[in-house]
Amino acid sequence: MPLKSWEEIQSFQDEVARIMTNSHQLNRIAHAYIFEGPNGTKKTSTAFLFAKSLLCSNPKGFNPCNECHNCRRVDNRTHPNLFHVKPQGKVIKKEQIQDLINEFSKASIEMGPRIYIIEEADKLNPTSGNTLLKTMEEPGADIYQIMITENYSALLKTIVSRAEVIHFKPLDRSIIRRQLIENGIEVNIANAISEYTVDMG
């Protein structure tokens, strides 16, 4: 299920929610973020909430309304100003990043910010990483990027230096247990699963 608010994130990633909402309140939202942390810590869901917060037609502070056409399209991954890149095979290829750059060089179909989300950004190879770096040096107005990784030390240092790194902590087992129970899992099974893994996925 898509995340609906930054308060929802606060229940399991308090520091992340605080940093992002403070950035909005102070009008200091960065053009590039690296969301790093273990698998299952809601990094990707948070990235799409960020996109929804920027694209929402009727935001309530930094929270999206979750009802407008823009919010629905972000949730469905169909908004024309939202770009989502994942590895093709074992790497993110230069051609994928070049295609992204070409999209941003065109006039936008719709008004408003444009956001791209790169999953498993540590799988950028040196060529694709350097190609991406060019977009970070001169991002352009209203262009935002989020790179998601479990291993940000594998990213080019020049990429890390141009982005704000947001650290996602492993989830508390009690949060895993509570969410499982809320999703209809029996208590004894939820207890066992929460002892076995802290991966929300």
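**Note on the salt bridges of this predicted model**

1. Arginine 18 is partly exposed, at 39% relative accessibility, where buried means under 20% relative accessible area, exposed over 50%, and partly exposed in between (1.4 Å probe, protein chains only). The side chain of arginine 18 meets that of glutamate 15 in a salt bridge, at 2.5 Å from N to O, the term standing for a side-chain nitrogen of Lys or Arg within 4 Å of a carboxyl oxygen of Asp or Glu. Glutamate 15 is likewise partly exposed, with a relative accessible area of 35%.

2. Both arginine 18 and glutamate 15 belong to helix 2 (residues 14–25), where they sit three residues apart, about one turn of the helix; helices (H or I, at least four residues) and strands (E, at least two) are DSSP runs, numbered from the N terminus.

3. This is a predicted model, in which local features need pLDDT of at least 70 and side-chain atom pairs count only at pLDDT 80 or more, while totals for chains, interfaces and linings use all residues. Residues are numbered from 1 along each chain as its sequence is written, and side-chain values use heavy atoms, with hydrogens and water left out.

4. A salt bridge also joins the side chains of lysine 52 and aspartate 75, at 3.0 Å from N to O. Because lysine 52 lies in helix 3 (residues 43–55) and aspartate 75 in helix 4 (residues 69–75), the pair ties together parts that are 23 residues apart in sequence. Lysine 52 is buried, with a relative accessible area of 1%, whereas aspartate 75 is partly exposed at 22%.

5. By the rule above, the count comes to four salt bridges, among them the one between the side chains of lysine 123 and glutamate 120, at 2.6 Å from N to O.
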